[in-house]
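Reader: I have a model open on my screen and would like to learn how to read it. Where do we start?
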Amino acid sequence: MGEIAKLKNISKRTIDYYTQIGLLNPIRTDSNYRLYGEECIKILNMIEHYKNLNMPLEEIKSSIELIKSDSTIDKQKVEKHFEQIASIMQHLKEEINVMEPILQRLNHQQKDVLVNRLSSEGRTLAQSLLLLFG
C-alpha cells in the first residue's frame with residue numbers, strides 16, 4: 001500500500017478508504033498482505049481524473065463500476081465515457097454562466113438561503129460559485 005501511495009502521491013488512508021468502499025480490489029496474499037496491481041493504478045488514474053472534474057465520489061464509483069462491468073477495459077468505451085463527462089461539464093459551465101449575473105444581484109442572506117436549499121453536492125457547487133462571484 002505504501003508503494004502505490006507514494007507512486008500516486010496520495011495517503012495510505014485514502015487508499016485504504018477506496019479499498020473499503022470497493023473502488024480498489026487488491027489481491028490478498030496468504031498473510032493477508034494487500035497487493036495493488038496495474039488495474040488499481042488505472043482506477044486511481046480514473047479517480048484522479050474524475051476528481052479534477054469535481055465529480056462526487058459516489059458518481060466516480062458508479063462510473064468505474066460501469067467500466068469494470070465490461071471484463072476488459074475497452075479504450076473506445078472509456079474515451080466515449082470521458083466525452084460524455086466532458087459534455088456534462090460543458091453543460092454545467094453554461095448553466096454557471098447563466099447563473100452568474102443572478103448570483104451577483106443577491107445579498108448575503110439571500111445567498112445563504114439559496115445554498116441551504118440545495119443537496120450536498122449542489123451546496124458544494126454553490127459555495128464554490130459564491131466564492132468565485134460573491
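Reader: Is the crossing of α3 and α4 left-handed or right-handed?

Author: A crossing is left-handed if the near helix is turned anticlockwise from the far one by less than a right angle, and right-handed if clockwise. The crossing of α3 and α4 is right-handed. One caution on origin: this is a predicted model, where local features need pLDDT of at least 70, side-chain atom pairs count only at pLDDT 80 or more, and totals for chains, interfaces and linings use all residues. Residues are numbered from 1 along each chain as its sequence is written, and side-chain values use heavy atoms, with hydrogens and water left out.

Reader: At what angle do the axes of α3 and α4 cross?

Author: Axes are lines fitted to C-alpha atoms, for helices over the stretch in contact, and angles run from 0 to 180 degrees between N-to-C directions. Here helix α3 covers residues 38-52 and helix α4 covers residues 57-69. Their axes come within 10 Å and cross at roughly 140°. That makes α3 oblique to α4. The classes are roughly parallel under 35 degrees, roughly antiparallel over 145, roughly perpendicular from 65 to 115, and oblique for the rest.

Reader: Which residues of α3 and α4 meet?

Author: Contact means heavy atoms within 4.5 Å. From α3 come Glu-39, Ile-43, Met-46, Ile-47, Tyr-50 and Lys-51. From α4 come Ile-60, Ser-63, Ile-64, Ile-67 and Lys-68. By class, this contact has seven nonpolar, one polar and three charged residues. Ala, Val, Leu, Ile, Met, Phe, Trp, Tyr, Cys and Pro count as nonpolar; Asp, Glu, Lys and Arg count as charged; the others, Gly among them, count as polar.

Reader: Now zoom out. How many helices and strands does the protein chain have?

Author: Helices (H or I, at least four residues) and strands (E, at least two) are DSSP runs, numbered from the N terminus. The protein chain has seven helices and two strands. Along the sequence the pattern is α-α-β-β-α-α-α-α-α. Of contacts between residues at least 6 apart in sequence, 44% join residues at least 24 apart.

Reader: How much of the protein chain counts as buried?

Author: Buried means under 20% relative accessible area, exposed over 50%, and partly exposed in between (1.4 Å probe, protein chains only). Of the 134 residues, 27% count as buried. The chain exposes about 9700 Å², and carbon and sulfur atoms supply 51% of that. Accessible areas come from the Shrake-Rupley method with a 1.4 Å probe; for residues, only the protein chains shown count as cover.

Reader: Is Lys-8 buried or exposed?

Author: Lys-8 is buried, with a relative accessible area of 19%. Lys-8 belongs to helix α1. Beyond four places in sequence, Lys-8 touches Leu-44, Asn-45 and Glu-48.

Reader: Which residues does Ile-21 contact, leaving aside neighbours within four places in sequence?

Author: Ile-21 is in contact with Leu-57 and Lys-61. The C-alpha atoms of Ile-21 and Lys-61 are separated by 8.7 Å, yet these residues are 40 apart along the chain. Ile-21 sits in the loop between α2 and β1. At 22% relative accessible area, Ile-21 is partly exposed.

Reader: What is the phi of Asn-9?

Author: Start with the general idea. Most residues other than glycine have a negative phi. Asn-9 has a positive phi, near 60°. Asn-9 lies in the loop between α1 and α2 and counts as exposed at 72% relative accessibility. Asn-54 also has a positive phi, about 60°, and is not a glycine. Asn-54 lies in the loop between α3 and α4 and is exposed, with a relative accessible area of 67%.
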